[in-house]
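Here are some notes for a colleague who is opening this structure for the first time. Please keep the sequence and the model side by side while reading the points below.

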Amino acid sequence: MSRTERKRAQSALVVVCTRGGEFLLMRRTRPAGFWQSVTGSLAPGETPRHAAARELWEETGLRAGGALIDLHQSVLFPIIPAWRHRYAPNVCFNREYRFALVLDSRRLVRLNPREHLEYRWLPAREAAELTGSRTNRETIETVEARRAWL
């Protein structure tokens, strides 16, 4: 990956759920068996909110409009060694900004086949157990705890 193609060490995570408490998880093409919510790196000059809305559209075909909820949380986490080559040398941590989208009911999801193989709508506890990301699990738990007020 060339210097101009390197990822920013900042990303947006969007937990999508229904008012009834079902959470959307998608299985990535790689690594094998890795389930997660919508997530992606911020492009140069892009705000976390814009990245969240863009990634939501690219990964699911859903448009957030004004319904995207900024959880006003971010977390710094280590980038797994297998993905560090995507970043500048010596970049080992990523800052993740957290968002939620609460839908009235399930929606059909249009997956990007380069990124995801399948999706599931799951109760919060099952989604939190299935995701391969600690930060994703924490965000699902946060959204579930606040869902009645979101």
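In what order do the elements of the protein run from the N terminus on?

1. Overall fold. The model is a predicted one, and its elements, read from the N terminus on, follow the order β-β-β-β-α-β-β-β-α-α. The protein has three helices and seven strands.

2. Size and packing. The radius of gyration of the protein is 15 Å, close to the 15 Å that the globule rule gives for 150 residues, so the protein is as compact as a globular protein of that length. The C-alpha trace spans about 45 × 30 × 25 Å along its principal axes. Of the 150 residues, 43% are buried, and the accessible surface comes to about 8200 Å², with 52% of that surface belonging to carbon and sulfur atoms. When contacts between residues at least 6 apart in sequence are considered, 70% of them join residues at least 24 apart.

3. The aromatic pair. A search of the whole structure finds one aromatic pair. The ring centres of phenylalanine 34 and tryptophan 83 are 6.2 Å apart and their planes stand at 80°, which is over the 60 degrees required, so the pair counts as edge-to-face. The pair links distant parts of the chain, 49 residues apart, since phenylalanine 34 belongs to the loop between strand 2 (22–28) and strand 3 (35–36), while tryptophan 83 belongs to the loop between strand 5 (69–78) and strand 6 (93–103). Phenylalanine 34 has a relative accessible area of 18% and is buried, whereas tryptophan 83, at 23%, counts as partly exposed.

4. Charges over a ring. Which residues lie over the face of tryptophan 57? Arginine 63 does, at 3.7 Å from the ring centre, and arginine 110 does as well, at 4.7 Å from the ring centre.

5. Cysteines. The count of disulfides comes to zero. As for individual cysteines, cysteine 17 counts as buried at 0% relative accessibility, while cysteine 92 is partly exposed, with a relative accessible area of 29%.

6. A cis peptide bond. Most peptide bonds are trans. Arginine 30 and proline 31, however, are joined by a cis peptide bond, with omega about -5°. Proline 31 is found in the loop between strand 2 and strand 3, and its relative accessible area of 32% makes it partly exposed. The C-alpha atom of proline 31 is separated by 10.0 Å from that of glycine 132, although the two residues are 101 residues apart along the chain.

7. Positive phi angles. Most residues other than glycine have a negative phi. Histidine 72 has a positive value, with phi near 55°, and its place is in strand 5, where histidine 72 is exposed, with a relative accessible area of 69%. Asparagine 90 also has a positive phi, near 70°; asparagine 90 lies in the loop between strand 5 and strand 6 and counts as exposed at 77% relative accessibility.

8. Leucine 71. Is leucine 71 buried or exposed? At 4% relative accessibility, which is under the 20% limit, leucine 71 counts as buried, and its place is in strand 5. Not counting residues up to four places away in sequence, leucine 71 touches Arg98, Phe99, Ala100, Thr139, Val143 and Arg146.

9. Threonine 39. Threonine 39 is found in strand 4 (residues 38–41) and counts as buried, with 17% relative accessibility. Which residues is threonine 39 in contact with, leaving aside its neighbours within four places in sequence? The contacts are Ser11, Ala12, Leu13, Glu55, Glu59 and Glu96.

How values were computed. Residues are numbered from 1 along each chain as its sequence is written. This is a predicted model: local features need pLDDT of at least 70, side-chain atom pairs count only at pLDDT 80 or more; totals for chains, interfaces and linings use all residues. Side-chain values use heavy atoms; hydrogens and water are left out. Rings of Phe, Tyr and Trp (its six-membered ring) pair if their centres lie within 6.5 Å; planes under 30 degrees apart count as stacked, over 60 as edge-to-face and the rest as tilted. Helices (H or I, at least four residues) and strands (E, at least two) are DSSP runs, numbered from the N terminus. Buried means under 20% relative accessible area, exposed over 50%, partly exposed in between (1.4 Å probe, protein chains only). A charge sits over a ring if NZ of Lys or CZ of Arg is within 6 Å of the ring centre and within 35 degrees of the ring normal. A disulfide is a pair of cysteine sulfur atoms within 2.5 Å. The radius of gyration is taken over C-alpha atoms; the globule rule is 2.2 Å times the number of residues to the power 0.38. Contact means heavy atoms within 4.5 Å. Accessible areas come from the Shrake-Rupley method with a 1.4 Å probe; for residues, only the protein chains shown count as cover.
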